[in-house]
Each structure stands twice: as C-alpha cells, then as structure tokens.
Amino acid sequence: MVLVEKWRKALDNKKSAGIILTDLSKAFDCIPHDFLIAKLYAYGVDKNSLRYIMDYLSGRKQRVRINNEFSEWKDIIFGVPQGSILGPLFFNIFICDIFLFTKESDIVSYADDNTPCAFEINTDEVIKTLEKVTTSLFKWVSQNFLKANLDKFHAILSTPTDRTIKVLTEEIINSPSHNLLGITIDRDLNFDNHVRGLCNKANLKLHALSRISSFMSSDKLKIVMKAFVLSQFNYCPLIWMFHSREMNNRINHIHERALRIAYKDKSSSFAELLRKDGSVRIHYRNVQSLATEIYKFINGQTPKIMEEIFQINNNLYNLRTMPVLKECNVRTVHYGQGSISYLAPRIWMQVPENIKNSTSLQSFKTSIKKWIPNNCPCRLCKQFVPELGFI
C-alpha cells in the first residue's frame, strides 16, 4: 500500500515513477547458517542465545531419492526451516542490511520480494536511478550467498516507453502491468486488470454454485457463497478499492447474482437482497476496512511505516475530541483524489462518533460492520446528475 501511495503522489505532482520486480531463487534455502549467526551477533544477540539458535538450525540432514536409489545423507548448512514462525523472522533479519547498500532509492520489501522504486522528475532519471539501485541490489545478493534470477526481473514505468533498464548483462523490458504479491499492478494504477481477474474467478465459482443450488438449502448456499465467491474480493482491498465504475458495476452484478442464488430469490432488488443478507456492497465493505485501518493507526496499532500514509492533525483546539487525520492537498482527480491519504481523513469524518470511540479494536470491527458509508467522498460513490455530471 505504501508503494502505491508513493506512486500516486509522484504522478499527482507530475513526476515519473518506476519499479523493478526482483526474483530470488530459493531464497529461504540459500541462507548460510554461519553467516546468519554472524549477523545476529553484529546486531547484539548474546552468545548463549546464538548457541541456542545454532543448535536449532544445525543437526538436520537430507538426501535425494531417484526411483529406488538413495544418495548419502548430507548435513544441511544452508537455509532456514520453512513452515515455522522463526523461518521468515530469520530471513528478514538476514536481509535487513540490504537497505544500507541501496541508498539510491527506496526498496519496498516483503520477505524475499524486494522491489526497488524510484520517483523522479522524468523517465530518464527514473531509469538511471533504478539501474543504480538494482545493480547494488544484485551485488549485495551475490555477496550474501543468495541467487538473483535477472531473467525474471520485471520493470513497470509510469510512462510507456520502449527503453529498457540495463542491469549488468541483462536488459529489463518495461511492462504495462505485472503481478506483485498477488496484486496486478499497472502503470496507471486503475487496477482494472486485477479486478477483472477477481471477477473472472468469482464468476467461475458462481457458475458452479448455480449448478448445485437446487440440491442445497439456503443456509448452506450462503456459507458456500461467502467462502468461495465473495471471498475472492477479500485480499488487499485497500490497494485496488478505487478502481473504475465499470469494474464496480461488474462486482455489484456478481454480488447480486450470488445473493439471488443463495436465497433462491429472483424478484427482489439488489438493495432488498442486501438487507435480507444483513450485508453491504463490496465497495462499502472495503470502505469499512479502510476505517478499521484508520482506527488502528490512531490507536497506535499499525507499523510505523503507515505514518507515510496517515498523519495525525495536531492543530486541534478541542482536546477532548478524538484525534483526526490531517488532510493533504492534491492536484489531480485520478491520482490525487484516488489516493488513500486523500480519502482517509474524509471517510473518517463520516464515521459516527460512537463507533470512533470504541474501547477496543474488536468492538470497533463489530460496530463498523453496521455502518453504511452513504456519504463516502470517493468517485465511485458520487451520483450522476443530468447536465451536471457526477457530483
């Protein structure tokens, strides 16, 4: 989300943006145990703890089977155990110093997905910056006994261009869109391709549900509908929630069809089906999720990096009121007014005071589900007035 917000801010300020999607080969399996212990020692872990960690990592063996033949057992001296809580933690500690060697630009990192990003005055400067930071990143990877697949690197630039980004011997081609951690990011940040993919998956599930609906009760159909159809829109909605009206209408159409099948109701309107189900539209549900994230931020329950998106407005005279978010100034409708940092303060102002004053996150989540954001200021919620347009 931070990456997308920075991208929107750059384009709103008439700058250029670009990212490199990197790929590491078997990253969790390539970490040398002795090198990991050395880094932990450099970060201040005491020797007794290091012995305990080394004992946890060592003493493991593996062998290879081909048909009915087995190789000899060999000690495992590389890799962190996967499927455990400590595996990702050790990996994050191991790559923590990567940011000290790539100061040319920011790197958005999530486990073994490291994405250098650059926001400059023009495309030439973006390419120049990305080439520097990606070269530094590749050198760090080599020096730390990891393996980068340069042929699987992908670039997305905000400006369509045939220019490539050169990293060592490879040339990375500029793509209009690509998948990053399950989200299809496009250069215009409209996320229509991503939402279209979600709709296609939901349609397949819905088609299968309709074929078996005559053999199931409504109670079971509702469970299946929510688990297999509506769940398609649960992953990272704050990133793609401000898509086009066309995609919003498509989501609503799928939602309406799903409710008709679940309740075996062919006559009620979409609004009546929602009331019967006790739910709201997918977009309203996404707005509720955004409000929940704001509540967590205000109450100090989010990572520090979220301060790059939300900011507390300290210029308040009534100290008894709950802190509100600082509003930011924007220039464009698509990029500026379509950003979380712009809409969050305005959406938070619409949340009723009794919900804002919830004493716990769980009580807030319970209350916010009953709130319908009819006055949402985003472009998807604006009403069309003849001869005036959307207002």
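Modeller: We will go through the pocket, the cavities and then the helix.

Modeller: This is a predicted model, in which local features need pLDDT of at least 70 and side-chain atom pairs count only at pLDDT 80 or more, while totals for chains, interfaces and linings use all residues. Residues are numbered from 1 along each chain as its sequence is written, and side-chain values use heavy atoms, with hydrogens and water left out.

Colleague: What volume does the largest pocket have?

Modeller: The largest pocket has a volume of about 910 Å³. On a 1 Å grid over the protein atoms alone, a pocket is an open set of points with protein on both sides within 12 Å along at least five of seven lines, a cavity is a set where a 1.4 Å probe fits but cannot get out, and lining residues have an atom within 4 Å of a point. A volume is the space filled by probe spheres set on the points, which are joined across faces, edges and corners.

Colleague: Which residues lie nearest its centre?

Modeller: Of the 27 residues lining the largest pocket, Met1, Val2, Leu3, Val108 and Tyr110 lie nearest its centre. The largest share of this lining, 5 residues, comes from β6, where strands (E, at least two residues) and helices (H or I, at least four) are DSSP runs numbered from the N terminus.

Colleague: How does that lining divide into nonpolar, polar and charged?

Modeller: The lining of the largest pocket has 19 nonpolar, 2 polar and 6 charged residues, with Ala, Val, Leu, Ile, Met, Phe, Trp, Tyr, Cys and Pro counted as nonpolar, Asp, Glu, Lys and Arg as charged, and the others, Gly among them, as polar.

Colleague: And how many cavities of 30 Å³ or more are there?

Modeller: There are 2 of them. The largest cavity, of about 40 Å³, has Met1, Arg8 and Phe242 among its lining residues, and its largest share, 3 residues, comes from α1. The second largest cavity has a volume of about 30 Å³, and its lining has 6 nonpolar, 2 polar and no charged residues.

Colleague: Now the helix: which residues of α10 are buried?

Modeller: In α10 (residues 270–277), Phe270, Leu273, Leu274 and Asp277 are buried, meaning under 20% relative accessible area with a 1.4 Å probe and protein chains only. Seen down the axis of α10, these buried residues fall within an arc of 100 degrees, so they line one face of the helix; the arc is that of the directions from the helix axis to the C-beta atoms.

Colleague: What do they pack against?

Modeller: The buried residues of α10 pack against α7 (218–229) and α9 (245–263), where contact means heavy atoms within 4.5 Å.

Technical notes:
Buried < 20%, exposed > 50% of the residue type's maximum accessible area, 1.4 Å probe, protein only.
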